[in-house]
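The following note sets out numbered points for a colleague who has the coordinates at hand. Please read each point against the displayed structure.

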Amino acid sequence: MVKMERGRVWDYFLGPLAYVVLSVAIYMVFVVAPEEKMMGVVQKIFYFHVSAAWVAFLAFFVVFVGSIMFLIKRDYFWDGISLASAEIGVVFTTIVITTGPIWAKTVWNAWWTWDPKLTTAIIMWFIYLAYVVLRLAAGEEEKTARFAAIFGIIGFLDVPLVFAAGRWWQKTFHPIVFNNPSGGLDPAMKPAFFISLFAFTILYIYLLVKSTRINLMQRELNRLKDMVKEKIYG
Amino acid sequence: MTFFRKALAIVEKDIKAEFHSKEMLSVMLVFALIMLVIFNFAFDVKKQIVNDIFPGIIWITFFFSGLLGLNRSFFIEKNQDCLLGLMLAPVDRSVIFLGKMLSNFVFLLIIEILTLPLFFIFLNIPVPQKFGFFLIILFFGSLGFVAIGTFLAALAANTRASDILLPVLLFPVLIPVILGSVAATKGVFFNLPFSEWSIWLKILGVYDLLFIVVPLMLFEILLEV
Amino acid sequence: MSKLTALALAYFIIWTLIFLYTVVLGQRQKQIKRELELIKEALNKRS
């Protein structure tokens, strides 16, 4: 409970901070950053598309760490973090796999390119959806946390292999090389890009803190309910 | 008894039980055959395209009928509280995992060996020159499948949703094995030089190793009471 | 699809998804608060 109360302070700080930094990022992207010559305005999708991909990966890494910590310490604080992070990761991966095709369609005239990064993103999406489904289906609270932690570890270890396989798959069977937009980023676009990255990271931390606290409160409430039930009926 | 010998004892038990009832193997076999026929109709397999889709057909068939076996392997133990008996045996829990994995591996290999000739016959594919390579791919691909599959089957069997959960958990994690097996099989059947597809064997090897070692470490936690 | 439409659509999706997630979080918090009040009431009535 003390941990939670201290967390509140962060709320009042992180929320406004996320708001301000996101506003600055949007200003940088639309006003300061120059328009790309070949792709035109659609290139502006890039800033938040890549930032969302970064946040998604970070989120799943946090699930991995949280899962290991839960299995070692058996503290439900870590379970709360893992669940929150998995949910946020799914939201941001959804952003990645929807904005990616919109961009690809206008630039390469194909919705889905099976680019290895996009392939990895959609497989991650399935893995962490499975994580959420597993939590719904597991059963008792202790088992839910334990099984989710196990799957959180397995799922994350799989991601590098998915990426490696996706890369070689494209190399062997779809050897069309698209010009990699992140490689040749104009120096004038870099400030906007890094601020977007920073802004989404702050937003992630804010959502994580908020969501984790809700998960812990939910657990506390369930315990309280059981106690009351016992008092009244038991 | 050593760790490995204990695991083999479980394998022996599973195989004896299966050869006694023949339930699972016969279902898996019939399922694999009907899949073969369905694919033949669904894709209207003609000479021009058979080479492109054959590796996919073969692996989907093996993985899907393998899935039937996986679902069965822990469900059957839970059914009559046999899993509790296994857990009470004076062995490491990871021995149970290794044993179950190996017996699933044996069952899958039996199905593969029985159905493989029929693929060549029904789909009219010439046997590749380097058939030995194909057997190696078959080995590593199936091993990766049963390693992670057995582990997640144990996990799914202990949830409320039980067996319907397994495909959703398993297939996303299995993607590297699916890509690796299919791509390497294409390499063999297209008679490509080894260097062009050897990377897939490496990916399969790393995957197999990783998802045998990690489940061995985590199995104790999975079966905690 | 024009480039501007694509851009607008992409940004619409980004902010809608993030907004929806915060709404879901808010709903959960509200639900928890409501149930806490109920428990409080039930306890008060008994004592």
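Predicted model: local features only at pLDDT ≥ 70, side-chain atom pairs only at ≥ 80, totals over all residues.

1. Beyond its neighbours within four places in sequence, Ile123(A) is in contact (heavy atoms within 4.5 Å) with Val162(A), Pro172(B) and Ile175(B). Ile123(A) belongs to helix α4 (residues 116–137) of chain A; helices here are DSSP runs of H or I with at least four residues, strands are runs of E with at least two, and both are numbered from the N terminus. With a relative accessible area of 10%, Ile123(A) is buried; buried means under 20% relative accessible area, exposed over 50%, and partly exposed in between, using a 1.4 Å probe and protein chains only. The C-alpha atom of Ile123(A) is 9.8 Å from that of Asp158(A), a residue 35 residues away along the chain.

2. Side-chain values use heavy atoms, leaving out hydrogens and water, residues are numbered from 1 along each chain as its sequence is written, and chains are lettered from A and ligands numbered from 1 in the order in which they are written.

3. Confidence in chain A: the mean pLDDT (the predictor's confidence in each residue, from 0 to 100) is 88, and 92% of the residues of chain A reach 70 or more. Among the elements of chain A, the lowest mean pLDDT, 82, belongs to helix α1 (residues 2–32), and the highest, 96, to helix α2 (residues 45–73).

4. Overall form of chain A: the secondary structure consists of 6 helices and 0 strands, in the order α-α-α-α-α-α from the N terminus. The C-alpha trace of chain A spans about 70 × 40 × 25 Å along its principal axes. Of the 234 residues in chain A, 54% are buried. Where contacts in chain A join residues at least 6 apart in sequence, 80% of them link residues at least 24 apart.

5. Chain C has 1 helix and 0 strands. Along the principal axes, the C-alpha atoms of chain C fill a box of roughly 65 × 10 × 5 Å. Chain C has 47 residues, of which 26% count as buried.

6. How are α5 of chain A and α8 of chain B oriented relative to each other? The axes of helix α5 (residues 141–173) of chain A and helix α8 (residues 194–222) of chain B come within 11 Å and cross at roughly 180°; axes are lines fitted to C-alpha atoms, for helices over the stretch in contact, and angles run from 0 to 180 degrees between N-to-C directions. The two helices are therefore roughly antiparallel to each other, a class for angles over 145 degrees, while those under 35 count as roughly parallel, 65 to 115 as roughly perpendicular and the rest as oblique. The residues of this contact divide into 21 nonpolar, 1 polar and 2 charged. In this scheme Ala, Val, Leu, Ile, Met, Phe, Trp, Tyr, Cys and Pro count as nonpolar, Asp, Glu, Lys and Arg as charged, and the others, Gly among them, as polar.

7. Asp79(A) lies in helix α3 (residues 76–108) of chain A and counts as buried at 10% relative accessibility. The side chains of Asp79(A) and Arg135(A) are joined by a polar contact of 2.9 Å; a polar contact is a pair of N or O atoms within 3.5 Å, where within protein one must be able to donate a hydrogen and the other to accept it, and residues adjacent in sequence count only if both atoms are side-chain atoms. Not counting residues up to four places away in sequence, Asp79(A) touches Phe70(A), Arg135(A) and Ala145(A).

8. Thr115(B), in helix α5 (residues 93–122) of chain B, is buried at a relative accessible area of 1%. A polar atom of the Thr115(B) side chain lies 2.7 Å from the backbone oxygen of Ile111(B). Apart from neighbours within four places in sequence, Thr115(B) is in contact with Leu29(B), Ala32(B), Leu33(B) and Phe62(B).

9. Most residues other than glycine have a negative phi. Arg74(A), which is not a glycine, has a positive phi of about 55°; Arg74(A) is located in the loop between α2 and α3 of chain A. Asn191(B), also not a glycine, has a positive phi of about 60° and is found in the loop between α7 (166–189) and α8 of chain B.
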